[in-house]
Amino acid sequence: MAQSVAPSSERNLGDQEASLALRARRKGLIFGAAELHDFLIDNAEYQAAFLRDCDLLVPMNELKFYDLRPTSPDFDFTAADWMVSFASSNHLLLRGHTLVWGLAFPPWAKLVPPGRDAERLLVDHIWAVAGRYRGLVHSWDVVNEAIEPYDGRPDFLRKSYWLNALGEDYIELAFRTAAEADPHALLCYNDYQLERIGAYDNQRREGTLKLLDKLVSKGVPIHAVGIQSHLPPNRNWFAEKEFMSFLDSVHRMGLRTIISEFEVGEESLPLDIAERDALVAQIAEDFLTPVLTHPSLSMVVTWGLSDRYTYRITYSPRSDGFPPRPLPIDAAFQRKPLWWAMARALDNAPGRAPLLGPLVTNPPGSQNSPG
Ligand code: G3I
């Protein structure tokens, strides 16, 4: 059954009056979070916390090439299928992450020769995955993190397996294939470090705009840009003027923007929890408040929802060994200062037309929005 691509008004919102999802809906925005299958399955308490605040789910790893096909060309869709059905049965929108990326890419696939074999690998993979969930996905990160100025190319493209095997046109091929495999999903390009001060971020913004301009001018089917927004543990890094101009440029191309992996890294912030939480909340609010005023902004997705399960526990642990606190709800699923900072930023945002897929014509939360 094709899933509505607008938050369903049927979802029991209970005392959700204050939920982040409802605050977002009121402004034509969508709020959701990424999470892992292993932390949601058989965890009724966390599922309830997730459904309290989220209108959208991103399977954090389950739809990645490595996680679907770790040791051979054979697929294991078990975890991905569970995540898709969890979203569908709870009327959550589903965001697919990610069809084509140079990382989370298994050793056997790296041995596929460049040229026709690599093209076959890319096209067949996208058909197998996006085709399987056709009509159930609100938006796909079709290509992830294709920009890397340090790789030295004048176009700042990353020298990934895909670029080396197929040349820069792998990106166009990925988007055109995804559009055929699932004509209902919105198609996104997703990348990181587009919001900071410095030559590196300037090159990342420049490279991304170059790439987007080329795709759009060739009529490649692309609808939005995911800006990961893994914010650093300090202040005065935000290149607000340059970033808002970047959003203007993307919007002028007819594309929407998504805060796609929001969190506040806090590994170097003080140990004291009250102090640390307050700083994290301030860093978040200083960023989200201006950014959510932009008319292109359509969605805010946190990279995890609860500190209990943040990937940073293993990925970037604190030097003092204490648990990181980068997310809006704590390890006991209670709201933190960051939650309230996000709520304020959503409440202060102007309204805009919601980012609806071709499936739905009614705005989210409207009387007759589909269930
Ligand atoms: O589940 C296995 C476990 O059984 C094993 O013992 C352990 C050690 O080998 O690995 C576990 O799998 C890890 C998985 O996360 C689940 O925790 C993988 O090794 C590890 O590579 C994987 O990392 C993920 C990473 O992307 C690479 O896919 C992170 O969870 C995930 O948060 C991170 O997310 C990325 C986005 O996709 C793109 N943007 C940046 C973002 C953060 O790096």
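How many disulfides does the structure hold? I found that it holds 0 disulfides, where a disulfide is a pair of cysteine sulfur atoms within 2.5 Å. I then looked up C54, which is in no disulfide, and the nearest cysteine sulfur, that of C188, is 18 Å away. Seen from C188, the closest cysteine sulfur is the one in C54, and this distance is too far for a bond. C54 counts as buried because its relative accessibility is 0%, and C188 counts as buried for its value of 0% as well; buried means under 20% relative accessible area, exposed over 50% and partly exposed in between, with a 1.4 Å probe and protein chains only.

A note on what I was reading: this is a predicted model, in which local features need pLDDT of at least 70 and side-chain atom pairs count only at pLDDT 80 or more, while totals for chains, interfaces and linings use all residues. Residues are numbered from 1 along each chain as its sequence is written, and side-chain values use heavy atoms, with hydrogens and water left out.

Next I turned to the ligand. Which residues come nearest to it? Of the 14 residues around the ligand, I noted K64, H97, E145, E261 and W303 as those that come nearest, a residue being near if one of its heavy atoms lies within 4 Å. By class, this shell has 6 nonpolar, 5 polar and 3 charged residues.

An N or O atom in the K64 side chain is 2.7 Å from an oxygen atom of the ligand, one in the E261 side chain is 2.7 Å from a ligand nitrogen atom, and a polar side-chain atom of W303 lies 3.0 Å from a ligand oxygen atom.

Technical notes
A polar contact is a pair of N or O atoms within 3.5 Å; within protein, one must be able to donate a hydrogen and the other to accept it, and residues adjacent in sequence count only if both atoms are side-chain atoms. Ala, Val, Leu, Ile, Met, Phe, Trp, Tyr, Cys and Pro count as nonpolar, Asp, Glu, Lys and Arg as charged, and the others, Gly among them, as polar.
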